[in-house]
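Subject: Structure for your review

Dear colleague,

Please find the structure below, followed by an account of what was found in it. I would be grateful if you could read the two side by side.

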Amino acid sequence: MKRAAIIGAGPSGFYAADQLLKAEFEVDMYDALHTPFGLVRFGVAPDHPKIKSVTRVYEKTAQHPGFRFFGGVRLGEHVTRCELLERYHAVVYAYGTMTDNRLGIPGEDRPGSHSATEFVAWYNGHPDYADRRFDLDRERAVVIGNGNVAIDLARMLMLAPDELASTDTADHALGALRAASVTDVVLLGRRGPAEAAFTNPELRELGALARTDVLVDPAQLDGVAEPDDATRRRNLEILRDYACRTPGGRTHRIELRFLRSPLEVLGDGEDGRVRGLRVAINRLVTAADGRMRAEPTGEEETIECGLVLRSIGYRGVPVEGIPFDERRGLIRNEGGRVCDDDGPCRGEYAAGWIKRGPSGVIGTNKKCSADTVARLLADADADKLGDPAAPDDAGVLEWLDARVPGLVTWAGWQAIDAYERSLGEPAGRPRVKLVRPEQLIEVGRAEAKKCTCK
Ligand SMILES: Cc1cc2nc3c(=O)[nH]c(=O)nc-3n(C[C@H](O)[C@H](O)[C@H](O)COP(=O)(O)OP(=O)(O)OC[C@H]3O[C@@H](n4cnc5c(N)ncnc54)[C@H](O)[C@@H]3O)c2cc1C
Ligand SMILES: NC(=O)c1ccc[n+]([C@@H]2O[C@H](COP(=O)([O-])OP(=O)(O)OC[C@H]3O[C@@H](n4cnc5c(N)ncnc54)[C@H](OP(=O)(O)O)[C@@H]3O)[C@@H](O)[C@H]2O)c1
């Protein structure tokens with residue numbers, strides 16, 4: 001029997017697990033957190049519960065007798081790459097992109113300027129971010145970026161307390177968002193309306209928020225050429241609809257402002273808190289590759305604001321010993337086979353965002369993982385997998401138990417899941433998330449003691 005370790009219990013990890021189990025591998029899935037599902041739990045916005053229901057598919061995969069989950073085990077901290085290669089014929093790295101791209105402008109780290117990574121993880125109850133504080137006592141926020149994550153941030157800031165009350169937003173964030181004074185969000189794009197990376201339903205959803213007017217200056221849409229791409233064409237139609245609307249006098253506003261690149265986060269007072277954002281005004285030029293590129297006109301403006309959220313894409317973090325492409329922020333790989341200067345690394349594979357970059361919806365990872373597993377299985381047929389010294393499932397459990405004090409298995413996760421749901425039920429919420437590792441371990445371990453290793 002061949003054995004595989006999958007590092008990362010997000011969508012790409014689960015899709016890879018499913019494929020490997022079907023090929024009769026035994027699969028051990030590891031995650032740094034005590035809970036599975038990656039960005040489905042800690043990324044997808046809490047007011048989109050239907051999207052989160054994809055976890056039912058992953059739960060089915062976890063029912064397979066050849067599957068085990070080890071939560072609370074961080075590759076690079078609790079276990080190393082070499083230790084995994086000693087125990088498994090194949091290791092699939094599916095550990096996502098855990099940090100954010102930097103703007104590289106003065107003032108980026110001022111108090112009141114935060115990355116999307118931090119803000120998203122905070123409102124979603126990620127244990128590492130539960131104690132973060134955000135300056136929500138300001139009236140205006142600028143969200144930098146024109147992707148769906150930027151839309152999520154703008155929407156989360158503008159949702160009314162009763163719209164949030166029935167969600168699984170972390171309790172600490174519910175309280176803070178309820179008390180927030182932010183009434184205006186400027187959503188800032190460096191390129192034009194036709195280049196925005198929003199998808200249609202997400203852009204349209206902004207116009208349906210109960211207490212928020214969406215503002216688009218019609219002048220920004222003058223002379224914009226019709227894009228070839230259907231999503232972008234439809235985005236333009238939605239933006240034109242917003243531009244035609246007479247503001248309904250609602251208490252909150254989201255303004256979409258295009259052709260603006262951040263130059264400096266301005267600050268005030270002793271601690272240098274954010275007071276504004278200096279931006280360059282751009283025009284579009286066609287680059288050599290045919291893409292539209294933003295070029296500064298030489299004009300600038302300052303947008304007064306007390307909060308800046310930077311949403312310009314996620315980025316992978318290197319793990320010791322695993323070949324890393326610094327420029328792209330990804331594991332070095334060819335079609336999912338991890339590679340170093342000497343070519344493919346025997347028995348090592350990558351899937352999901354850490355393989356191809358931080359783009360694509362949940363479903364995109366299914367094909368991505370299938371492509372990786374196809375190569376892994378081809379290598380298995382060609383006898384080119386790893387040759388582990390100790391491919392022993394009981395040995396792995398002993399090793400981890402000795403090494404990781406707060407190990408949570410699948411039975412432990414099921415106990416956490418049931419407990420969180422029971423906390424949410426009286427208030428009509430899907431769950432109340434536990435955000436302290438010690439709570440997660442306590443609930444997860446209590447159950448694991450009653451069961452075996454699943
Ligand atoms: C804010 C946000 C909202 C999104 N909303 C949607 C949406 O509404 N709909 C949609 O279709 N797509 C959405 N996406 C995209 C979707 O979440 C991704 O396509 C998908 O999660 C990528 O899957 P992944 O498995 O590669 O990575 P991830 O989901 O990030 O999973 C990686 C896992 O690896 C673990 N890990 C990290 N480092 C280590 C380590 N060293 N050791 C062990 N484990 C580790 C992490 O804890 C995590 O569980 C969103 C993305 C973001 C950022
Ligand atoms: N509801 C959903 O389905 C949902 C929700 C959230 C996320 N997602 C998915 O998750 C993926 C990641 O989303 P994302 O929003 O993080 O990334 P994204 O879609 O790649 O958008 C990133 C945005 O940041 C801008 N940007 C990059 N560098 C910049 C800089 N230096 N200065 C100013 N702007 C800069 C980009 O502009 P340029 O185009 O000019 O480079 C782009 O507008 C996407 O595939 C998204 O669809 C889906």
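The domain bounds used in this message come from an automatic or database domain assignment. With that in mind, the protein chain is divided into domain 1 (3-98 + 316-407) and domain 2 (102-313). Please note that this is a predicted model.

**The two domains**

The centres of domain 1 and domain 2, taken over C-alpha atoms, are separated by 33 Å. Across the boundary, twelve residues of domain 1 are in contact with 17 residues of domain 2.

**Ligand 1**

The shell holds 31 residues, and the closest are Ser 12, Asp 31, Trp 353, Gly 360 and Ile 362. Sorted by class, the residues around ligand 1 are 19 nonpolar, nine polar and three charged.

Several pairs of atoms can be inspected here. A polar backbone atom of Pro 11 is 3.3 Å from an oxygen atom of ligand 1. For Val 361, a backbone N or O atom lies 3.5 Å from an oxygen atom of ligand 1. The side chain of Asn 365 has an N or O atom 3.0 Å from an oxygen atom of this ligand. On its own, ligand 1 has 1,000 Å² of accessible area, and the protein covers 92% of it. Two or more residues of the shell around ligand 1 are given by each of the elements α1 (11-22) and α7.

**Ligand 2**

Ligand 2 also has a shell to which domain 1 and domain 2 both give residues, so ligand 2 lies between them. There are 19 residues around ligand 2, of which Asn 146, Arg 190, Arg 191, Glu 202 and Gly 360 come nearest. Which element gives the largest share of the shell around ligand 2? That element is helix α7 (residues 148-158), with three residues. By class, the shell of ligand 2 consists of seven nonpolar, eight polar and four charged residues.

A polar backbone atom of Asn 146 is 3.0 Å from an oxygen atom of ligand 2. An oxygen atom of ligand 2 also lies 3.1 Å from a backbone N or O atom of Val 149. In the side chain of Glu 202, an N or O atom is 2.9 Å from a nitrogen atom of ligand 2. Taken alone, ligand 2 exposes 920 Å², and the protein buries 78% of that area.

**Arg 337**

Arg 337 is placed in strand β19 (residues 337-340).

Leaving aside neighbours within four places in sequence, Arg 337 is in contact with Arg 332, Pro 344, Glu 348, Tyr 349, Arg 375, Ala 378 and Asp 379. With Asp 379 there is a polar contact between the two side chains, at 2.9 Å. As for Asp 392, this residue is 55 residues from Arg 337 in sequence and 24 Å from Arg 337 in space, C-alpha to C-alpha.

Yours sincerely,

A colleague

Terms used: Residues are numbered from 1 along each chain as its sequence is written. Chains are lettered from A and ligands numbered from 1 in the order in which they are written. This is a predicted model: local features need pLDDT of at least 70, side-chain atom pairs count only at pLDDT 80 or more; totals for chains, interfaces and linings use all residues. Side-chain values use heavy atoms; hydrogens and water are left out. A residue is near a molecule or strand if one of its heavy atoms lies within 4 Å of it. A polar contact is a pair of N or O atoms within 3.5 Å; within protein, one must be able to donate a hydrogen and the other to accept it, and residues adjacent in sequence count only if both atoms are side-chain atoms. Accessible areas come from the Shrake-Rupley method with a 1.4 Å probe; for residues, only the protein chains shown count as cover. Helices (H or I, at least four residues) and strands (E, at least two) are DSSP runs, numbered from the N terminus. Ala, Val, Leu, Ile, Met, Phe, Trp, Tyr, Cys and Pro count as nonpolar, Asp, Glu, Lys and Arg as charged, and the others, Gly among them, as polar. Contact means heavy atoms within 4.5 Å.
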